[in-house]
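Here is a brief report on one model. Please look over the sequence and the structure first.

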Amino acid sequence: MDEQKVLLSKYSFESKVVQPSKGEKVLPPLPDVEKYGTVVTRFAPNPDCVLHLGSARAIILSHDYARMYGGKFILRFEDTDPRLKKASLLFYDSIKEDLEWLGCEWDEEYIQSDRLPIYYEYARRLLEVGGAYVCTCESGVFKKLLLEKKPCPCRLLSSRENIERFDKMLDGTFGEGEAVLRIKTDLEHPNPAVRDWPALRIVDTKKHPHPRVGSKYRVWPLYNFSAGLDDHLMGITHIIRGKEHYTNMIRQKYMYAHLKWEYPTAIHYGRLKIEGGVLSKSKIMQGISKGLYSGFDDPRLATFKALRRRGILPNTIRQIIHEVNIKPVDATISWSTLYSINKKLVDPIAPRYFAVFDPIVLVIKNFVEEREIVLRKHPNLDSMGYRIIRLTPEDDVIKVYISKSDIELVKNANVFRLMGFANLTDLVLKDSVAEAKFHSFDMETAKKLNAPLIHWVPVNDCINVLMVTSEGSLIKGFGERGLIEAPLDSIVQLEREGFARVDSKQDNTIKLYFSTR
RNA sequence: GCUCCGGUGGUGUAGUCCGGUCAAGCAUGUCGGCCUUUCGAGCCGUAGAUCCCGGGUUCAAAUCCCGGCCGGAGCACCA
């Protein structure tokens with residue numbers, strides 16, 4: 001009866017002790033491991049929003065420490081506020097998707113809204129042992145007494161009377177706001193916030209139905225009660241959570257004392273921010289409902305969905321979290337650090353292609369030869385294979401797109417080179433078209449002449465490229481034909497432009513999300 | 001205001017518990033060079049910190065003690 005049946009345990013954890021890969025920072029040892037023998041951690045989100053970088057410390061550290069010691073990692077949904085922080089069905093799944101993407105698979109899953117009977121049972125037990133009471137004082141009155149370190153009249157009631165009162169909470173005699181179950185603490189505690197804290201309250205679930213259990217229950221536990229009980233009942237040995245919960249630990253310890261339980265090892269970390277990244281649940285939710293952001297994966301947001309769509313790899317996030325580790329200080333990570341890690345991971349797997357944005361047509365006159373340019377997909381990795389760009393002259397002329405910004409680079413050079421193809425000279429601008437003459441083919445000449453190198457795309461053999469920038473805007477350009485073959489969700493490098501993730505493809509058009517330079 | 005917790009180069013971090021080998025390591029970023037048919041990756045070098053400030057203990061302090069300043073968190077019938 002104490003333990004709720006595990007909803008799901010599709011992952012066995014015995015086999016998954018994680019070996020840190022070379023070069024990656026190794027996590028420092030977790031305290032108190034020998035005390036417990038095994039390590040059990042949990043991630044306990046409220047499914048009222050998507051996950052973002054702010055939760056990354058809790059998720060990755062909890063998961064990775066569990067794996068490091070061959071322990072257990074539990075996912076627990078804390079959806080016990082049907083009114084103010086109401087959960088939404090869609091987020092339960094979205095959180096699980098994000099966890100899977102991050103490679104943080106959980107061994108057990110619980111949902112607190114399924115566990116109300118358990119909370120009621122412990123509420124009764126606490127009432128019985130005199131560790132709690134049902135308070136019917138008006139909240140202002142109670143607060144005043146609390147600040148004066150004085151007990152309210154309800155505190156003196158017998159456990160029998162308290163249990164009767166608790167039944168009245170459950171059966172509807174008391175309405176919303178009329179009674180609350182409080183845990184007895186030390187009224188002399190220097191921090192008023194820990195004195196006799198509320199554990200269960202009444203929510204009018206007719207008005208505010210819970211997304212999973214509707215109006216089945218009207219008495220709902222508050223955070224410290226349900227989380228505190230569950231941490232013990234689920235055998236959590238190490239709680240890794242934000243420092244905003246520090247006082248909650250002190251509060252919960254009083255409840256543990258009434259129940260004669262030992263509190264797990266709790267570690268509190270500081271807030272993790274990223275330069276300019278939007279990391280507030282309320283801002284994310286508001287921004288989306290106002291249409292300010294295109295969705296939970298808008299590239300301006302620091303949600304996992306957005307990072308993923310931009311081609312940030314889960315291991316990049318993992319490395320960053322291992323680097324910042326658990327410290328009570330706030331950390332602001334910079335995009336350049338994140339990019340640098342990501343680039344190192346992505347560079348060896350990203351094939352290279354040409355794509356031109358803000359294009360201008362360059363005409364190479366008197367060129368009659370048909371050519372097939374063979375280029376490596378990766379400059380240092382032959383194994384990645386080759387790509388072919390076909391150049392077919394029309395009316396004795398070859399037309400390619402080059403980037404307007406490259407005109408600046410090239411216009412003062414006697415000779416410049418279209419990468420992989422040919423060296424050109426005598427550049428002139430006519431109307432909105434550039435013209436140049438063929439000079440030579442070989443790279444040696446270009447080197448000797450110190451010719452600038454630019455990328456290009458044949459006009460008569462190219463695809464359309466749409467790219468969503470990191471600011472969320474859409475830019476259009478042209479790409480070499482072979483780019484269309486890049487698989488969905490893969491990461492490519494557009495030479496001299498940067499890395500991008502293949503988001504979708506249709507006919508002759510590929511849509512990319514810009515990742516990093 | 002009250003109760004906690006912190007403060008190491010631009011950013012992140014190591015070292016702080018058990019004072020000396022730390023006028024402080026690493027990563028990223030800056031700048032310069034090499035390499036390269038990419039402005040990517042790689043390689044080499046450079047600059048950048050009086051370890052928040054003041055006092056004390058000590059032969060010796062980033063490390064211990066006290067005071068100050070600054071920053072963060074909590075003070076919901078939220079999580």
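In what order do the seven strands of the open sheet stand? The order is β21-β18-β19-β20-β14-β17-β22, with mixed pairing. Strands pair if DSSP finds at least two bridges between them. β21 and β22 (457-458) stand at the edges with a single partner strand each, so one side of each has no neighbour in the sheet. β18 (residues 415-418) and β21 run parallel and are joined by two bridges. R417 has L453 in β21 as its bridge partner.

This is a predicted model, in which local features need pLDDT of at least 70, side-chain atom pairs count only at pLDDT 80 or more, and totals for chains, interfaces and linings use all residues. Residues are numbered from 1 along each chain as its sequence is written, and chains are lettered from A and ligands numbered from 1 in the order in which they are written. Helices (H or I, at least four residues) and strands (E, at least two) are DSSP runs, numbered from the N terminus.

**The surface near RNA strand B**

RNA strand B is surrounded by 57 residues. The closest are E78, K85, Y223, S340 and R496. A residue is near the strand if its C-beta atom, placed from the backbone, lies within 6 Å of it. Elements that each supply at least two residues include β6 (198-202), α8 (246-259), α13 (404-410) and β21 (453-454). α12 gives the most, with five residues. The table divides this surface by residue class.

| Class | Residues near RNA strand B |
|---|---|
| Nonpolar (Ala, Val, Leu, Ile, Met, Phe, Trp, Tyr, Cys, Pro) | 21 residues |
| Polar (the others, Gly among them) | 18 residues |

**Helix α12**

α12 covers 335-346. Its 12 residues should span 16 Å at 1.5 Å a residue, and its end C-alpha atoms are 16 Å apart, which agrees. The expected span is 1.5 Å times one less than the number of residues.

L338, I341, N342 and V346 are buried in α12. They lie on the same side of α12, because they cover an arc of only 125° around the axis. That arc is taken from the directions from the helix axis to the C-beta atoms. A residue is buried with 20 or more other C-beta atoms within 10 Å of its own, exposed with 12 or fewer, and partly exposed in between; C-beta atoms are placed from the backbone.

The face turned away from the buried side carries the exposed residues S336, S340 and K344. The buried residues pack against α11, β11, β25 (491-494) and β26 (498-506). Contact here puts C-beta atoms, placed from the backbone, within 7 Å.

Note on methods
Two residues are in contact if their C-beta atoms, placed from the backbone, lie within 7 Å.
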